[in-house]
Amino acid sequence: TQTQTPQPCPWDIGELLATWYRPNFEPYLYPYQPAHVTKPKEIRKLFFVTLPQKCVFAVPKSLGLVAVPLFELYDSAQRFGPEISAIPQLLSRFSLSFVLEDTENESKNENSAN
């Protein structure tokens, strides 16, 4: 059997949700640029990204990818950090709708029509 290399999936990068600033070499990030800082040491931008229905993620073996529901992120800065735990508040300005496509029935209908 041949191993197939996964094709890169197209990501739809949407709106900017938040910008976090690290003014110096401390571990803290701020959701605003402090007035006394002209050049922050680090700027992290958080975007709303829409992924296709099927996609392959490449994660190094030393790291793990975990799916966490939004209700667990809310008010859990001790566990996930202030940037990640702010995601539910940042998404609250959007109206999210999930549409499940029934691909099995569509393919059965196409086969029965032939």
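I started with contacts (heavy atoms within 4.5 Å): of those between residues at least 6 apart in sequence, 50% join residues at least 24 apart.

Ground rules next. This is a predicted model, where local features need pLDDT of at least 70, side-chain atom pairs count only at pLDDT 80 or more, and totals for chains, interfaces and linings use all residues. Numbering runs from 1 along each chain as its sequence is written, and side-chain values use heavy atoms, with hydrogens and water left out.

Then confidence. Mean pLDDT (the predictor's confidence in each residue, from 0 to 100) is 83, and 84% of residues reach 70 or more. I looked up the elements (DSSP runs numbered from the N terminus: helices are H or I, at least four residues, and strands E, at least two) and found the order β-β-α-α-α-α-α. Where pLDDT is low, predicted coordinates should not be read in detail.

On to the inside. Buried residues (under 20% relative accessible area; exposed is over 50%, partly exposed in between; 1.4 Å probe, protein chains only) make up 19% of the 114. I checked Ala 18: leaving out residues up to four places away in sequence, Ala 18 touches Arg 44, Lys 45, Leu 46 and Leu 90.

Last, Leu 16. Leu 16 also sits in strand 1, but counts as partly exposed because its relative accessibility is 37%.
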